Structures are given as structure tokens and as C-alpha cells.
Amino acid sequence: MSTPLRLLIIGAHPDDADYAGGGIAALYRAAGHTVKMISVTDGAAGHHVSPGPGMVQRRRQEAAASGAVIGATYDTWDNPDGGLLPTLENRYQIIRLIRGFKPDLVLTHRPNDYHPDHRYTSQLVQDAAYMVTVPAVCPDVPHLLRDPVIAYLPDDFQKPYPFQPSVVVDIGPVIEQVADMLHCHQSQFYEWLAYNHGHLDQVPAGEKERRAWLGQQLRTRLRPRADKYRQQLIETYGPERGAKIEYIEAFEGCEYGAPLDAAAKARLFPFLPKKG
Ligand SMILES: [Zn+2]
């Protein structure tokens with residue numbers, strides 16, 4: 001294998017990175033690349049029964065367990081869940097993270113999103129882009145000579161403009177691993193999110209039944225996305241495979257990182273078919 005790649009997924013909460021990018025994380029790990037996932041906030045707020053310090057501990061363990069499913073690290077930071085702001089201090093934290101990890105590819109939320117923590121995580125990553133190359137900013141950590149490629153995780157928001165994928169990736173081969181990762185977030189998918197979305201009564205009691213239910217939820221969530229970007233799938237994978245793909249992740253290049261041009265796509269997404 002050529003030089004291993006380094007993927008950094010920066011999410012706001014201790015399930016965002018794998019919820020939106022678990023497939024590419026699993027594909028990277030399967031090819032022997034290095035993956036780090038981050039939750040910028042502590043996850044203390046998002047629970048209807050037991051928010052607070054105990055939940056932080058639980059969320060941290062759940063995230064680490066999810067990372068362990070694919071052999072990735074998954075760190076949960078101490079910033080307050082539901083209270084993240086795009087402060088200078090937080091920007092410096094992201095700059096130090098990117099400089100220290102030296103990613104080839106950084107993935108994060110888009111800047112327009114329903115959740116303020118998602119919006120400000122995106123803002124912080126945008127604010128850190130370019131600054132990672134400026135030596136006088138955070139001089140305690142050596143600066144990078146070049147920006148990494150930065151891309152956005154997929155969402156369905158329409159304003160100010162709908163998600164425009166630069167890359168579409170078939171994650172069908174790793175869909176069960178993604179479900180195994182999400183299954184680690186017990187306090188999220190079987191408790192808080194189920195409560196918040198009003199379907200707590202549908203969550204099965206048994207461990208095996210829950211995992212099957214979550215896998216079904218994942219497939220139901222992802223299936224429409226493949227049809228939404230079918231034309232791009234066909235262009236990427238050819239008419240035969242492109243027509244059959246069921247579960248995908250998609251990524252939109254951020255203009256503030258290194259360009260996600262054809263050469264960058266070939267390097268950062270080596271599991272895509274080579275262009276003729
Ligand atoms: Zn979130």
C-alpha cells in the first residue's frame with residue numbers, strides 16, 4: 001500500500017462523526033488508513049432522564065467503543081453540549097487538533113444546520129482552515145505547510161442551498177459495521193433520540209433486537225440518498241454498479257481547505273473506481 005492516509009471527522013456531539021461519516025471511516029480503516037473522530041462537545045445535555053456529568057462519562061465511553069469497532073480513535077471534548085460558541089479559544093483548540101493529527105482529509109458539518117453546536121463546529125473548522133498554516137497563530141504547535149482537504153458531511157437542508165456532493169461513496173460493503181458503531185451509542189439511539197423523535201415505544205428491549213432495529217433504521221435513512229444522487233453514482237461507478245448501489249455517503253468540498261480536485265479525489269478516495 002502507498003502512504004497511509006489520515007482521516008479526521010470533527011462532529012459536534014458524541015455520535016455525529018459516525019452517524020454521518022461512519023461509512024468512509026470504516027472504508028478507510030479497512031484499507032489500513034488512520035481515522036480519528038472527534039466530538040467537540042461533551043454530550044452532557046442531550047438526554048431526557050439523566051443529563052449532566054454522569055452522561056458525559058457514558059457518552060465518552062460509547063464514542064470510544066464505536067471507534068474501537070473499526071480500530072479508530074474517538075475523542076470527546078469538554079465543551080458544553082448545547083452551549084458551543086465559535087470563540088477564539090475554541091478555534092485554537094481546532095487549530096491544534098488539525099496541526100497535531102496532520103489529516104489528509106477533514107470532514108465536518110455544513111455551516112447551515114438545525115443544531116447550533118453543528119453550525120458552530122462547522123464555523124470553527126472553517127475558521128481554523130488557513131490559520132493552521134500561519135506560524136504566529138498558536139506558535140506552541142508547529143504549523144502545517146499546506147491546508148488539508150476539508151469537506152462537508154451530507155445533510156438534507158435546502159437553504160441557503162442544498163448539499164452539492166463532490167464525491168459519492170458506496171458504503172454498502174460496510175453498512176453492518178456502521179450499524180455496529182451506532183449500536184455503541186445506546187444512550188442516544190435507544191434513549192434520547194428515540195424519546196426526542198417520539199418513538200421510544202418502538203425501541204426493542206433485547207440487545208439483538210435493538211441492533212436489528214437500528215440496522216433497519218440506518219438502511220431506511222440512507223436508502224433515499226442513493227436515489228437522490230443516482231446520476232452521480234452512475235458517473236462514478238459506471239452504469240451497472242452505479243444503478244444498484246443502495247447505501248452511500250457523500251461529501252462536498254469546502255472552499256477554504258485544499259481543493260478537492262480530480263487528483264485529490266483519486267488520492268483521498270482510493271476505493272473509488274479509477275477514471276478511464
Ligand atoms: Zn449532533
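Helix 1 (residues 16-30) and helix 5 (residues 175-183) have axes that come within 9 Å and cross at roughly 135°. That makes helix 1 oblique to helix 5 (under 35 degrees is roughly parallel, over 145 roughly antiparallel, 65 to 115 roughly perpendicular, and the rest oblique). This is a predicted model, in which local features need pLDDT of at least 70 and side-chain atom pairs count only at pLDDT 80 or more, while totals for chains, interfaces and linings use all residues. Residues are numbered from 1 along each chain as its sequence is written.

**Helix packing**

- Axes are lines fitted to C-alpha atoms, for helices over the stretch in contact, and angles run from 0 to 180 degrees between N-to-C directions.
- Helices (H or I, at least four residues) and strands (E, at least two) are DSSP runs, numbered from the N terminus.
- Asp 18, Tyr 19, Gly 22, Gly 23 and Ala 26 of helix 1 meet Gln 177, Val 178, Met 181 and Leu 182 of helix 5 (contact requires C-beta atoms, placed from the backbone, within 7 Å).
- By class, this contact of helix 1 with helix 5 has five nonpolar, three polar and one charged residues (Ala, Val, Leu, Ile, Met, Phe, Trp, Tyr, Cys and Pro are nonpolar; Asp, Glu, Lys and Arg are charged; the others, Gly among them, are polar).
- Helix 3 and helix 4 pack at about 65°, with axes 9 Å apart, and their crossing is right-handed.
- On the helix 3 side, Asn 90, Arg 91, Ile 94, Ile 95 and Ile 98 meet Leu 124, Val 125, Asp 127 and Ala 128 of helix 4.
- The contact of helix 3 with helix 4 divides into six nonpolar, one polar and two charged residues.

- Seven strands form an open, mixed sheet in the order 3-2-1-4-5-7-6 (strands pair if DSSP finds at least two bridges between them).
- Strand 3 (73-79) and strand 6 (167-170) are the edges; each has a single partner strand, so one side of each lacks a neighbour in the sheet.
- Neighbouring strands are turned by 25° against each other on average, direction ignored.
- Strand 2 (residues 34-41) runs parallel to strand 3, joined by five bridges; Ile 38 stands opposite Asp 75 in strand 3.
- Strand 7 pairs antiparallel with strand 5 over two bridges, and Glu 252 in strand 7 is the bridge partner of Tyr 152.
- Strand 7 also pairs antiparallel with strand 6, over four bridges; here Phe 251 partners Val 167.
- Five of the six residues of strand 7 (residues 248-253) are buried, so the strand is largely enclosed by the rest of the structure (buried is 20 or more other C-beta atoms within 10 Å of a residue's own, exposed 12 or fewer, partly exposed in between).
- Helix 3 (residues 88-101) lies across strands 1, 2, 3 and 4, at about 160° to strand 1.

**Backbone exceptions**

- Most residues other than glycine have a negative phi, and most peptide bonds are trans.
- The bond from Lys 159 to Pro 160 is cis, with omega near 0°; Pro 160 lies in the loop between strand 5 and strand 6.
- Lys 102, not a glycine, has a positive phi of about 55° and sits in the loop between helix 3 and strand 4.
- Lys 102 counts as partly exposed, with 13 C-beta neighbours inside 10 Å.
- Tyr 130, also not a glycine, has a positive phi of about 70°, in the loop between helix 4 and strand 5.

Definitions and conventions. Two residues are in contact if their C-beta atoms, placed from the backbone, lie within 7 Å. A crossing is left-handed if the near helix is turned anticlockwise from the far one by less than a right angle, and right-handed if clockwise.
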